[in-house]
Amino acid sequence: MPQPPKPITHTDSDPLWFKDAIIYQVHIKSFFDSDGDGYGDFVGLIQKLDYIQSLGITCIWILPFYPSPLKDDGYDIADYEQVNPTYGNLHDFQTFIKEAHQRGLRVITELVINHTSDMHPWFQRARLAEAGSKERDFYVWSDTDQKYKDARIIFCDTEPSNWTWDPVAKAFYWHRFFSHQPDLNFDNPDVLAEVIRVMKHWLDMGVDGLRLDAIPYLIERDGTNCENLPETHVILKELRKAMEDNYESRLFLAEANQWPEDVVEYFGNGDECQMAYHFPVMPRLYLALHQQDSRAIIDIMARTPAIPEQCQWAMFLRNHDELTLEMVTDDERAYMYAAYAEEPRMKINVGIRRRLAPLLKYSRPRIELMNGLVLSLLGTPILYYGDEIGMGDNIQLWDRNGVRTPMQWNCDRNGGFSKAPFANLYSPPLMDIVTGFEAVNVEAQQANPSSLLNWIRAIIDVRKKYKAFGRGTFEAVNNSNHKILSYIRRFEEQTILVVANLAQSAQSVALELAEFKGVSPLEIKGDAVFHEIGDSPYVLTLSPHAFYWLKLDS
Ligand code: BGC
């Protein structure tokens, strides 16, 4: 029988733990099926915690696992306080938290508060309730579909409007995403009170952090684009206060797909979210790689404002969604589509639904370079499950499911993911000749000292030895060659120079490093001492897509 929730303490109490974290993003459904029903589950995830720990990961972010019709893969929540029975129960969840913490792994879960499923009892109650009543006002209603005209449609491939007519309520309801996901009404104080209750429910169980999904859209006002409104920040401050008043060392991670100057608002004065994704830098890593030119990255880093000291950027290459192209210019978007989405099926909404390895044409040097950048550029890196072995995708699957296929463990049936009959699997595993489970799997890569998996482990290990990567400042370093990206990360006594060749040809570069005259840099991945920095610009050569991490302090 499930036990009542018990608070579980962490392995260390540094409130800034997230600054040194290496996060692994995983979907319960996709990782490991312990009971043979074709869906991954918490018991399966627990069995694979040693694997996650062996990668050097320090924190796991799990996608929504709550009861849901699964029309948006669980972001359509029908019950905020339970576990989807396909994935396990609350007892399994608590065991998972305990087992993760025992291995020094923190856990981030999802607090999806912008919207619920239309199957949530709050919505079912609201549509039956009298217009103007508190119950009805849990959601945003209107007699016309003409309000808030300036708000864009996010799921533009499927949704014609942000309003949908409800024949039961005889009114339109507001939704920024799918029409089966009505937006909660944060002008109603009862909604925030309920959200705080839900938040505490999970924090009481020992969850270390909450990803705040789709946070810019909490409030709507006519005459605005209904994003990033001041009232939204008031809500976030209240939520943070409720967390701080009751818990220690917990975290909010903001999902705000916005320009840097708007995202930084989600840090507040250190009194909103501690972390936020750096959405604009992500597509520019791909852009710069394809253009073989560092300027797109340098420019966006220059446009990234300083953030409060106790806050942190979250960096990523891929995730469970499309590679979003909302935070690029129209020209850059056209370039990205031409470069990375040669087939129309690869596009969805405003983005590209592909995984890391296929995006990079399965090139090991490119994959290493991009990981080298995301692990050194700024903030805390997030790795998407399967990318550590170079998993592919299946663009024939609908929506974003092509990048959510089962984890590939070995060459056994269903790639070792599940013992279920093939037809019962939530999704076919990849079986193509390039990235199918026979070609790409954990077991084979564990046995191969030169595999991508072992390379990822090694690079994470190096990164973890230097706090400068998680906590340091970013300073671009001038050099003679636009194909070379060079920057310094500096924290306390530590100074690390990163030099990366974005070109597919060997390059030479002269770096302006006068400040470090007399220093012989140490390349920390290979433990190799380089020639001394002298009076003239420091000249290096790099093979195609090579990068160096050079320690400049002694
Ligand atoms: C999630 C998506 C989801 C959307 C609507 C996003 O922020 O990352 O996967 O479809 O919210 O719920």
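Reply: The largest pocket has a volume of about 500 Å³. A pocket here, on a 1 Å grid over the protein atoms alone, is an open set of points where a 1.4 Å probe fits, with protein on both sides within 12 Å along at least five of seven lines, and lining residues have an atom within 4 Å of a point. The points are joined across faces, edges and corners, and the volume is the space filled by probe spheres set on them. Keep in mind that this is a predicted model, where local features need pLDDT of at least 70 and side-chain atom pairs count only at pLDDT 80 or more, while totals for chains, interfaces and linings use all residues. Numbering runs from 1 along each chain as its sequence is written, and side-chain values use heavy atoms, with hydrogens and water left out.

The lining divides into eleven nonpolar, six polar and four charged residues. In that count, Ala, Val, Leu, Ile, Met, Phe, Trp, Tyr, Cys and Pro are nonpolar, Asp, Glu, Lys and Arg are charged, and the others, Gly among them, are polar.

Now the rings. The structure holds 43 aromatic pairs, meaning rings of Phe, Tyr and Trp (its six-membered ring) with centres within 6.5 Å; planes under 30 degrees apart are stacked, over 60 edge-to-face, and the rest tilted. Tyr 24 and Phe 31 make an edge-to-face pair, 6.0 Å centre to centre with 70 degrees between the planes. Tyr 24 is buried at 0% relative accessible area, and Phe 31 is buried at 0% too (buried is under 20%, exposed over 50%, partly exposed in between, with a 1.4 Å probe and protein chains only). Phe 65 and Tyr 66 count as tilted because their planes are at 40 degrees, with centres 4.3 Å apart.

Tyr 24 and Phe 31 also belong to one aromatic cluster with Phe 32, Tyr 51, Tyr 384, Tyr 385 and Trp 409. Lys 48 lies over the face of Trp 409, 4.1 Å from the ring centre; the criterion is NZ of Lys or CZ of Arg within 6 Å of the ring centre and within 35 degrees of the ring normal.
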